[in-house]
Amino acid sequence: DNGIARPKGYKVSYHYNSTVEDMHFGRTHPMKPWRLTLAKHLILGYGLQYAMDTHEALPASKEQVCAFHDPDYVDFLSEVAPETFDRLCQNPKFAKAVPPPHDADSVYLGPYNLSTSPGADCPVFADMSTYLFLYTGATLAASHQLTTGQSDIAVNWSGGLHHAHKSEASGFCYINDIVLSILEMLKVWPRVLYIDIDVHHGDGVEEAFQRQPRVMTLSFHRFGTYDDTGHKFFPGTGDITDIGLRSTHGEHFALNVPISSGIDDRQYNYLFTSVVGQAVKAFNPSAIVLQCGADSLGGDRLGQFNINIKQHGECVRFVKSLNVPLLLLGGGGYTARNVARAWCHETALATDNELPDAIPLDFIPRPEAFQGRGHGDGKLFPAFVRSHPNYCSNSDLENMVKKIDW
Ligand code: ZLM
Ligand code: CA
Ligand code: ZN
């Protein structure tokens with residue numbers, strides 16, 4: 001008996017298709033879908049499948065994806081593969097989407113910001129269409145569970161790809177499954193709150209709903225320039241002054257919390273609870289979508305925060321305590337073993353289970369991924385070495401919360 005139980009009085013559904021794990025963006029590309037394999041191993045190793053209904057996801061249809069995306073872009077995504085890319089680029093329907101040559105990196109960019117060059121953010125890789133339509137199908141199935149009242153919390157760790165635009169891929173994101181799920185929710189609920197704790201700004205979701213007062217978007221993210229290069233942290237948008245378009249009544253429906261590198265648990269918790277608390281009070285959401293990007297964790301390959309797994313989870317706990325239908329999605333996360341830890345812990349929180357710190361190493365296929373110094377010593381909540389100097393002063397954070405108050 002592993003002590004794992006179903007939550008009392010509410011239902012959790014888990015949406016996933018293991019096929020996504022086998023995808024490769026490229027050998028050294030930071031996005032590693034096999035982080036989802038590690039997450040699955042921990043979730044099954046701890047026995048959390050007994051606490052929720054697990055659903056095998058089916059691919060989204062082209063029609064479903066066209067609810068937000070441009071139909072030509074969707075055609076391109078459904079047909080593209082490394083072998084078909086050059087031929088598709090010759091098709092006049094797609095030729096118009098080719099951007100001017102990009103000089104920042106010496107990477108050739110094709111239509112829709114896609115590229116077969118391995119150095120690109122959004123490469124064309126083998127079986128890419130399968131991957132895209134599956135993570136989207138899982139998010140749509142999860143939101144369907146919520147809108148039909150069959151689940152109170154629905155989870156898809158393979159989704160949460162917040163940078164994709166209507167007719168352009170961006171920042172490892174091709175189909176914006178978040179926008180598609182919110183559009184479904186708007187069919188049954190008056191107001192949807194979107195919260196994004198990925199270390200990057202949730203620009204694609206914010207942009208899609210800038211004229212929709214029934215959706216409030218709120219992103220916490222690293223903002224500013226790198227010390228060494230002076231380049232902007234991706235995507236460069238989401239300053240505190242970015243509040244979306246104002247309605248005729250003067251209200252605004254986008255909130256952004258730009259953060260410097262090195263923020264610690266206590267500071268992040270202060271920002272999150274203050275700002276989310278205010279947003280919920282003012283907006284009174286009927287449902288919430290929480291993008292749980294794990295690149296905000298300390299030790300992430302791309303992120304620059306010092307957040308521990310417990311604090312990342314506290315954001316989920318806080319949002320769950322608001323007791324409205326909740327969609328939990330993944331997103332970024334580039335140190336695979338920690339992504340797996342965070343999303344396993346958050347699956348436990350969703351189902352009201354508390355997990356022991358000692359990972360059940362005998363019950364997982366690849367225990368070495370979580371063992372040894374530097375890999376977290378077999379613990380679910382290892383202490384991260386504080387890897388980034390903290391540039392966040394308490395007074396700056398307090399002033400930011402005051403500015404956001406309305
Ligand atoms: N170059 N390879 C977060 C999306 C972050 C834009 C600078 C491409 C990388 C990165 C790609 C193998 C989410 C930018 C970067 C290099 C223009 C970003 C391929 C390393 C590699 O080694 C790499 C050769 C690659 C990409 C690093 N790209 C780091 N940061 C960002 C996008 C997505 O977490 O928010 C949600 C899933 N892109 O900074 C450049 C400006 C492209
Ligand atoms: Ca964010
Ligand atoms: Zn990110």
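This is a predicted model: local features need pLDDT of at least 70, side-chain atom pairs count only at pLDDT 80 or more; totals for chains, interfaces and linings use all residues.
Biologist: Which protein residues are the donors of the zinc ion (ligand 3), and how are they spaced in sequence?

Modeller: The donor atoms lie 1.9 to 2.0 Å from the zinc ion (ligand 3), and they belong to D198 (OD), H200 (ND1) and D295 (OD). Read along the sequence, the spacing of these donor residues is D-x1-H-x94-D.

Biologist: Which parts of the chain does the pair D198 and D295 tie together?

Modeller: D198 sits in the loop that runs between strand 4 (192–196) and helix 8 (203–208), whereas D295 sits in the loop between strand 7 (287–291) and helix 10 (309–320). The pair therefore ties together parts that are 97 residues apart in sequence.

Biologist: Are D198 and D295 buried or exposed?

Modeller: The cut-off for a buried residue is under 20% relative accessible area. D198 has a relative accessible area of 1%, and D295 has 0%, so D198 is buried and D295 likewise counts as buried.

Biologist: What is the order of the strands in the open sheet, and which strands stand at the edges?

Modeller: The open sheet has eight strands with parallel pairing, in the order 2-1-3-8-7-4-5-6. Strand 2 (53–56) and strand 6 (254–259) each have a single partner strand, so one side of each is left without a neighbour in the sheet. Neighbouring strands are turned by 15° against each other on average, direction ignored. The order is thus 2-1-3-8-7-4-5-6, and the edges are held by strand 2 and strand 6.

Biologist: How many of the residues of strand 7 are buried, and which way do they point?

Modeller: A287, V289 and Q291 point one way from strand 7, while I288 and L290 point the other way. Strand 7 is also joined to strand 8 (residues 326–329) by four bridges, the two running parallel, and I288 has L326 as its bridge partner there. Strand 7 is largely enclosed by the rest of the structure, because the number of its residues that are buried is five of the five.

Biologist: Which backbone oxygen does the side chain of R341 reach, and at what distance?

Modeller: R341 belongs to helix 11 (residues 336–350) and is buried, with a relative accessible area of 0%. Leaving aside neighbours within four places in sequence, the residues in contact with R341 include L42, I309, F370, H375 and G376; the C-alpha atoms of R341 and G376 are 9.9 Å apart, although 35 residues separate the two in sequence. The side chain of R341 reaches the backbone oxygen of H375 at 2.8 Å.

Key: Residues are numbered from 1 along each chain as its sequence is written. Chains are lettered from A and ligands numbered from 1 in the order in which they are written. Side-chain values use heavy atoms; hydrogens and water are left out. Donors are N, O and S atoms within 2.8 Å of the metal (3.2 Å for Na, K and Ca); water is not among the atoms, so sites may look incomplete. Buried means under 20% relative accessible area, exposed over 50%, partly exposed in between (1.4 Å probe, protein chains only). Two strands pair if DSSP finds at least two bridges between them. Axes are lines fitted to C-alpha atoms, for helices over the stretch in contact, and angles run from 0 to 180 degrees between N-to-C directions. Contact means heavy atoms within 4.5 Å. A polar contact is a pair of N or O atoms within 3.5 Å; within protein, one must be able to donate a hydrogen and the other to accept it, and residues adjacent in sequence count only if both atoms are side-chain atoms.
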